[in-house]
Amino acid sequence: MNAPLALSAKDASALATTRFTVPGMKCAGCIGKIERELPKVSGITAARANFSAKRVAINHDPALGEDALTAALQALGFEAQPVTENPLGADTKERKRLNRALGVAGFGMMNVMLLSVSIWSGADGATRELFHWLSALIALPVIAYAGRPFFASAWMALSHRRTNMDVPISIGVILASLLSLYETTTGGGHAYFESAVMLLFFLLAGRALDAEMRTRTRAGIGALLGRMGKSASVIAPDGSTRRVPAASLEPGMLVLVAAGEAFAADGEVAEGASAIDNAMLTGESAPEPVGPGAVVHAGAINLSAPIRVSLTRVAEDTAIAEIARLMDEAGQSRSTYVRIADRASRLYAPVVHSLALLAFAGWMIAGAGWHQSLTIAIAVLIITCPCAMGLAVPAAQVVASGALLRRGLLVKDGSALERLAECDVVLLDKTGTLTLGAPRADIAALDAEARAVALGLAQASRHPLSRGLAAACLRAGVEPAAITDIAEVSGKGLTGTWQGLCVALEKPEGEGQALATTLRIGDAAQTITFADPLRTDAGAMLAALRHEGLTASILSGDRAAPVDAIAAELGIAAQAEASPQAKLAAMEALKAEGRRPLMVGDGLNDGPALAAAHASIAPGTASDASQQAADAVFIGEALMPVALAVRVARKTMRIVRENFGFSIAYNLLAVPLAVLGLVTPLIAAIAMSVSSLVVVANSLRLARSAN
Amino acid sequence: MTGLAFLIPIALGMGLLGLVAFLWSMRDGQYDDMDGAANRILIDDDEPLEQDA
C-alpha cells in the first residue's frame, strides 16, 4: 500500500507536522523512498509527499527539530528546506473557489439543459410552464453563486470607471436571467436560463484553467526558493550563542558565521579570515578573501572558515533590501500592462452594447412592442456574449505553458506569455546565465596519482574551486587518496600529508590567474586551471533567438576581460562592470527607445533589471529575489528553454489571435440573425457550445509546440 | 405527466449527488497532487507477498 498511514486523532494531537520543500523529487521512486524510509527514523511517524508542489509533510515527535528532519531527508539524498507559510496560499484558495463554482455551474447546466431539451422538443402548455419554473429554481441560485467571480471583477472595473471582459459578460448574464424570469412569470415562450448558465460554465472553465496554470508553476518556483540567510548565531557578551531570526537582528550585534552559512545582515568582519562567495550580489564567480575590517553583505556566503561579524546594517537597511526596493519600483510598470483579452473587450464591449441598443430602438421604431424589442435586444447580447473570447486566451495559454513545463520552463502566468511574445531584444547576464556559474576544473594534464591526491584534498573543502575540482575528478572516476592532517588556511589553501609527503592545494603565485590552483606533491607543483564554461547550447540558443528576429547582447556585472572573451566567442555585443543601477538604466533606456527588452539573469544584481524588463527569465539556480522578479524560470543546464519560451509564446499569441478571429467571424454570422429576431434559445445554445469547442480544439494544437 | 413527478426529482437528486461528490472530493484533497497520483501507481508495495517455493 502506498496510501498514507492513517493516524488516529488521539495520536495526531501529540505530533507536530512540519512541511519541507524538496525540489529534488523527480520520479515515483523518490516518492516511494521518502514515504517508506522516513518513518523508519525514530521520532517520525509518517511522511506524505506532494509531488506537484514538490513538498513533503512530516508527522513527527515535537522533540525532533527542523534540523534533524532536514538531516534525515539529506541522508536519503534530498536537499530540503522547511516551509513556514500556510500551504494553502492565496492562489490555491482562488483555484478551489473557481473549481467549486465550475462544479456548481456544471450541475446547473446539465439539469437546466435536460429541461430545456424537453421544451425544444415540443413540451408546451402547463408542462412548459412547470419546466420553466424548475429551470428558474435551479438556474437563479446557480447563477448567483457561479457568477460571483465575474460580477465582482466587473463591479471592480466599473467602480474604477474602467471596463474589462467581465462587464459585457455580467450585463449579458444578468439581463438574460431577468428576461427569462419575466418570461417564466408571465408564461412566455422563450426562457434563456440554459444559455446564461452554459455561458458561465464555459467562462469558468477558462478561468479555472488560468488559475490552474498559475498555481502549478508557482508551486514549482516556490520549491526552488528559500536559500537565503534567514537567521544568525548572535554571540552574547558572556560568550554563549543563540539563533536570532534575520528580522530581529540589530546593528552592533556580534554574530558567528559558520563556514557554508549565508550572511543574514550587512556587517564588518571583527575576527577571523575567510573567503566569501559574493556571486549573488555582484555576479562575480571568484571567491573574495576577507579579513578583519572587511565589509560583508547579506546574501553572500561564507566559504572557508568561521568568522565573527559585527553587524552594521540589518533588515530593511541592507544592500540586499535596497536592491529589493529598486526591484519593487521597477516592477510597477508591469502592473499597468493591459492583457490582450481586456484590450479586445475595450473595443468589443461598446460595439456589442450599441448593437443591442440599436436593435431595441430599431424594432421599437418598426412598431414592435417594447416586450418583443427587449427580447431581441437581449438575444443580441446573449449571442454576442464573449463566450469563445473568454476561452480564447486561457485555453491557448494553459496548453502552451503545459508544453513549456515539460521542457523545463515554468511560466508564471498568462500575462508573462503575452509579454514574452512581444520582446524584440534580449539582454543576457554572464555568470550563472550564459555560463553555469560554477567553476569546472581542467584535470586533463594530471596523472592518476595527482588526480587521487587532488580529490582527497578538494573534497575536504567547501571552497567553490575545491568543489569544482572534486566534481571534475569524480566525473573522471577518480578514487580519492587517503590524506591525513588536512588543514585549510583561509586565503591560502589546503595542506595535508599523503604517504609521508607534504601535499597542498594552494593559491597560485601571481595575481594574473584568479581561477587556478597549484597542486603540490612533495616538491613537484602543477597548476590546475578552472573555467566557468558556457552552457553547451548557448550558441544554438542565440541562433534560435536570431531566427526569431531578436538581437542579443551581454549585460554583466563581471570584469571586462572575461565578459569580452565570452562576447567574442559568441559573436555578440557586451557591456561589462554594470552595477544593478546601471543594468536598470540600460533597461529603461531601451524601453524609452520603444524597444521591448527580454532580460535573462540570475544574480540579485540583475533583480531590478529583471523587474523592469518587458519580460524576464531566470535560471532555477538564481537567487530567490531574481526568481520572484522573473516571469519565467528554467530548470537544468540547457539554455534552450529561453529561445523556446519566445517561440512558443509567439505561437501562442498566433493561436489566440486565430481564436479571436474565429469568435469575431462567428459573431458576424450570428448577430444579423439575432438582430432580425430569428435567434431562439435553441440556436443560442448550439452556437455557443460549437464556438467554444472550436476555440478549445484550436488551442490544443499548441500541445506539441515545444517539441 | 405522473411519470415526470418521479423522474424529475430523481434526475435532480442524481445531479446533486454528483455535485456533492465533486465538492467532497475537492475538499478531501483529491486534486491537490495530480502528478503525484499519476506517479504513485508505479511505486511497488512495501512488502511483496511471500511466495512459497
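What follows is a working chat about a predicted model with chains A and B.

Trainee: How many residues of chain A are in contact with chain B?

Mentor: 21 residues of chain A are in contact with 20 residues of chain B.

Trainee: Which elements of chain A each supply at least two residues to that side?

Mentor: They are α2 (28–37), β2 (44–50) and α4 (90–120) of chain A. Of the elements, α4(A) gives the most, with nine residues.

Trainee: And by class, what is that side of chain A made of?

Mentor: It has 11 nonpolar residues, seven polar and three charged.

Trainee: What about chain B, which secondary structure does it have?

Mentor: Chain B has two helices and zero strands. Buried residues account for 4% of its 53 residues.

Trainee: Back to β2(A). In what order do the strands of its sheet come?

Mentor: The order is β2-β3-β1-β4 in chain A, an open sheet of four strands with antiparallel pairing. From one strand to the next, the twist averages 30°.

Trainee: Why do β2 and β4 of chain A each have one side without a neighbour in the sheet?

Mentor: β2 and β4 (81–83) of chain A stand at the edges and have a single partner strand each, so one side of each has no neighbour in the sheet.

Trainee: How many bridges are there between β2(A) and β3(A)?

Mentor: Six, and the two strands pair in the antiparallel sense, with β3(A) covering residues 55–60. As an example, Asn50(A) has Arg55(A) of β3(A) as its bridge partner.

Trainee: Which strands does α2(A) touch when it packs on the sheet?

Mentor: It touches β2 and β3 of chain A, and its direction makes about 165° with that of β2(A). Helix α3 (residues 66–75) of chain A lies across β1 (16–21), β2, β3 and β4 of chain A, at about 50° to β1(A).

Trainee: New topic. How many residues of α14(A) are buried?

Mentor: Seven of the nine, so to speak mostly covered; the helix spans residues 414–422 of chain A. Among the buried ones are Leu417(A), Glu418(A), Arg419(A) and Leu420(A).

Trainee: Last one: what do β20(A) and β21(A) form?

Mentor: A hairpin with two residues between the strands; Gly522(A) in the turn has a positive phi of about 65°. Six bridges join β20(A) to β21(A) (residues 524–531), and the strands run antiparallel. Leu519(A) has Gln526(A) in β21(A) as its bridge partner.

Trainee: Which strand do four bridges join to β20(A)?

Mentor: β19(A), residues 501–506, which runs antiparallel to β20(A), residues 516–521. There, Val503(A) stands opposite Ile521(A) of β20(A).

Terms used
Residues numbered from 1 in each chain as written. Chains lettered and ligands numbered in written order. Predicted model: local features only at pLDDT ≥ 70, side-chain atom pairs only at ≥ 80, totals over all residues. Contact = placed C-beta atoms within 7 Å. Nonpolar A, V, L, I, M, F, W, Y, C, P; charged D, E, K, R; others polar. Pairing = 2+ DSSP bridges. Axes fitted to C-alpha atoms, helices over the stretch in contact; angles between N-to-C directions. Buried ≥ 20, exposed ≤ 12 C-beta atoms within 10 Å, placed from the backbone.
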